[in-house]
Amino acid sequence: MSTESRLAFMRRAISLATENVRSGRGGPFGSVIVRDGVILAEAANSVTEASDPTAHAEINAIRQACGELGTFSLSGCVIYTSCEPCPMCLAAIYWARIDAIYYGNTAAEAACVDFDDAFLYRELALPRETRVIPSERLLGEEAWESFRVWQHSTARVKY
């Protein structure tokens, strides 16, 4: 894909982010998913509007693109996002098998305007028992039953 095309897709992501703020609908984040040089999905952040902490622009665009294609895999697609993805969005991009990420603002720049992901990256690197939010395993043996059923399911779809 040409540099000119990549810049146009990035400008669209930035435009979505800027318009989202100007309209009062949400935060300064926009995302575009492209396949074969065509926009497949585009979305802005809607965390406050939807009362959904997972409604980041990248997640919204991934959900839209997967719905459009009728699959959970976005292999063959690339994502343009107005800001470097947070840990949640980065994980979703990997789970969706997107081929490449192009971003505008950096995580450090986002921190300058009170969107600081550094805490999350630090927490993820810590052992579970030292994280700020406590977690405790319960009923591990019983929980394994769902995995046992999955292992033997003929309807299982590998992802």
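Helices (H or I, at least four residues) and strands (E, at least two) are DSSP runs, numbered from the N terminus.

**Figure 1. The predicted model and its helices and strands.** The protein has seven helices and four strands. Along the sequence they follow the pattern α-β-β-α-α-β-α-β-α-α-α. The C-alpha atoms fill a box of roughly 55 × 40 × 25 Å, taken along the principal axes. This is a predicted model: local features need pLDDT of at least 70, side-chain atom pairs count only at pLDDT 80 or more, and totals for chains, interfaces and linings use all residues. Residues are numbered from 1 along each chain as its sequence is written, and side-chain values use heavy atoms, with hydrogens and water left out.

**Figure 2. The hairpin of β1 and β2.** Strand β1 covers residues 30-35, and strand β2 covers residues 38-44. The two run antiparallel and are joined by six bridges. Strands pair if DSSP finds at least two bridges between them. Two residues lie between β1 and β2. Aspartate 36, in the turn, has a positive phi of about 55°. Arginine 35 stands opposite valine 38 in β2. In a regular strand, side chains alternate between the two faces of the sheet.
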